[in-house]
Amino acid sequence: MMKTLVVKHANSPTSYPIFIEQGLLKNLFWLPKHIQQIVIITDNKVKKLYAQNLLKSLQKTKKKVLLLSFPSGEKAKNYQMKHKLEQKILSKHFDRDAFILALGGGVVGDIAGFIAATYMRGISYIQIPTTLLAMVDSSIGGKTSINTSLGKNLIGAFWHPSSVIIDLHCLKTLPQKHLINGLIEALKIFIIYDKNSFQFFEKNIHDILNGEAASHQIIFSAIRLKSQIVTQDEREKHLRSILNFGHTIGHALETLSNYRLLHGIAVGYGILVESKISEILGMLSRADYFKISQLLMKLGIHPKKLKTFNLQKIIALTQLDKKAKEEKAKYVLLKKIGKIHHKSKQFAFDVPNKVIEHAFFAVSEMTNAGK
Ligand code: NAD
Ligand code: ZN
């Protein structure tokens with residue numbers, strides 16, 4: 001049965017629906033009737049899997065449609081690619097009434113969203129996420145960006161989609177490692193914001209990994225919670241920063257691995273270390289840390305792998321993170337499963353290097369029994 005959520009930002013007119021169901025790419029009820037010019041932006045893999053069929057359905061409607069695609073993967077999310085795609089759209093005379101359909105994973109969503117934000121000073125777009133990570137995370141909240149040689153996601157804009165279309169059928173073709181990649185982002189939201197969903201995840205881990213009904217419940221809960229968080233803080237001035245839990249260390253690991261570690265997997269290691277930091281600082285109980293680490297291990301996050309990284313390099317990179325202030329890394333800390341530590345509207349804190357070192361070694365020495 002179709003589920004619909006509405007993202008309605010507090011103190012702002014911004015509002016858009018999220019439709020979740022199987023088969024939404026075959027039933028185009030969500031496409032506003034008045035749109036006459038459509039640009040589908042996708043990557044080469046998703047083009048073959050889904051975009052060509054979508055193009056065919058749209059061509060039947062006699063609208064003006066252009067399909068653009070680029071090589072799959074993070075490397076394409078850059079200035080040059082943005083420029084190339086924009087030139088093609090301009091050369092086909094799409095004007096400011098054109099609509100972009102961002103069909104693909106987070107890479108497509110980020111670059112297509114950023115093109116929408118700047119094309120003719122901003123045009124409408126629809127997010128159609130096809131990876132689990134994009135469904136539960138990147139397609140919601142209006143963050144768009146490209147990478148530069150100096151770092152990831154450094155140039156971009158807040159630009160909200162006019163709707164988000166989540167066709168759960170797309171998960172059927174998604175490789176297992178990308179499924180886990182997205183599951184970890186969903187789990188992160190539960191760890192910081194919803195104990196009940198964390199417990200549901202714990203109980204149903206096998207069904208979730210096998211893509212059974214429980215996985216749809218997880219997806220729906222994660223989307224609902226992410227929407228709730230971003231609507232309270234449209235531009236990441238306060239509450240929204242809790243979504244960065246696990247990301248201070250996670251981003252550094254992602255960079256050091258030269259992006260061989262998938263984002264969600266790197267965040268999984270980040271969650272381990274940042275939960276340990278919270279425990280060392282006396283905020284998180286040992287029992288809660290144990291539950292978090294056990295669940296992550298079941299998702300293939302093996303603490304010993306951290307030993308292959310140089311801690312000093314990690315610390316140096318965390319100080320360059322775009323969330324760092326005056327070169328001091330900021331950490332979101334946990335109080336217990338489902339609750340983060342905060343002081344009024346401050347949600348991220350400095351942590352002394354020696355605590356980070358202690359946490360890192362404690363985690364990397366941990367056996368699979370979690371001791
Ligand atoms: P991705 O877009 O590279 O997709 C991963 C791979 O899966 C690609 O090879 C893609 O071609 C393939 N793919 C996509 N859908 C598929 C399907 N249904 N079946 C089979 N294969 C499919 O990566 P991602 O993990 O979706 O997203 C990562 C990106 O998202 C990063 O650039 C990250 O910075 C960004 N991100 C943005 C936000 C945000 O708020 N804007 C949040 C989190 C992450
Ligand atoms: Zn993330």
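At what angle do helix H2 (residues 79-91) and H3 pack, and how far apart are their axes? The legend to View 1 answers this.

This is a predicted model, in which local features need pLDDT of at least 70 and side-chain atom pairs count only at pLDDT 80 or more, while totals for chains, interfaces and linings use all residues; side-chain values use heavy atoms, with hydrogens and water left out. Residues are numbered from 1 along each chain as its sequence is written, and chains are lettered from A and ligands numbered from 1 in the order in which they are written.

**View 1. Helices H2 and H3 pack at an angle of about 55°.** Their axes lie 10 Å apart. Axes are lines fitted to C-alpha atoms, for helices over the stretch in contact, and angles run from 0 to 180 degrees between N-to-C directions. Helices (H or I, at least four residues) and strands (E, at least two) are DSSP runs, numbered from the N terminus. H2 is thus oblique to H3. Angles under 35 degrees count as roughly parallel, over 145 as roughly antiparallel, 65 to 115 as roughly perpendicular and the rest as oblique. The crossing of H2 and H3 is right-handed (near helix turned clockwise from the far one by less than a right angle; left-handed if anticlockwise). From H2 come Met81, Lys82, Leu85, Glu86 and Ile89, which meet Ile111, Phe114, Ile115 and Thr118 of H3. Contact means heavy atoms within 4.5 Å. Six of the residues in this contact are nonpolar, one is polar and two are charged. Ala, Val, Leu, Ile, Met, Phe, Trp, Tyr, Cys and Pro count as nonpolar, Asp, Glu, Lys and Arg as charged, and the others, Gly among them, as polar.

**View 2. Helix H9 (residues 247-256) packs on helix H12 (residues 311-318).** The angle is about 115°, and the axes are 9 Å apart. That makes H9 roughly perpendicular to H12. Their crossing is right-handed. On the H9 side are Thr248, Ile249, Ala252, Leu253, Thr255 and Leu256; they meet Lys313, Ile314, Leu317 and Thr318 in H12. By type, the contact has six nonpolar residues, three polar and one charged.

**View 3. Helix H10 (residues 263-280) packs on H13 at about 120°.** Here the axes are 9 Å apart. H10 is therefore oblique to H13. The two helices cross in a right-handed way. H10 supplies Leu272, Val273, Lys276, Ile277 and Ile280 to the contact, and H13 supplies Val355, Ile356, His358, Ala359, Phe360, Ala362 and Val363. Ten of these residues are nonpolar, one is polar and one is charged.

**View 4. Three residues hold donors of the zinc ion (ligand 2): Glu185 (OE), His247 (NE2) and His263 (NE2).** The donors lie 1.9 to 2.1 Å from the zinc ion. Donors are N, O and S atoms within 2.8 Å of the metal (3.2 Å for Na, K and Ca); water is not among the atoms, so sites may look incomplete. The donor spacing in sequence is E-x61-H-x15-H. Glu185 lies in helix H5 (residues 176-193) and His247 in helix H9, so the pair ties together parts 62 residues apart in sequence. Glu185 is buried, at 1% relative accessible area. His247 is also buried, at 7%. Buried means under 20% relative accessible area, exposed over 50%, partly exposed in between (1.4 Å probe, protein chains only).

**View 5. Arg121 has a positive phi of about 65°, although it is not a glycine.** Arg121 sits in the loop between helix H3 (106-118) and strand E6 (124-129). Arg121 is exposed, with a relative accessible area of 75%.
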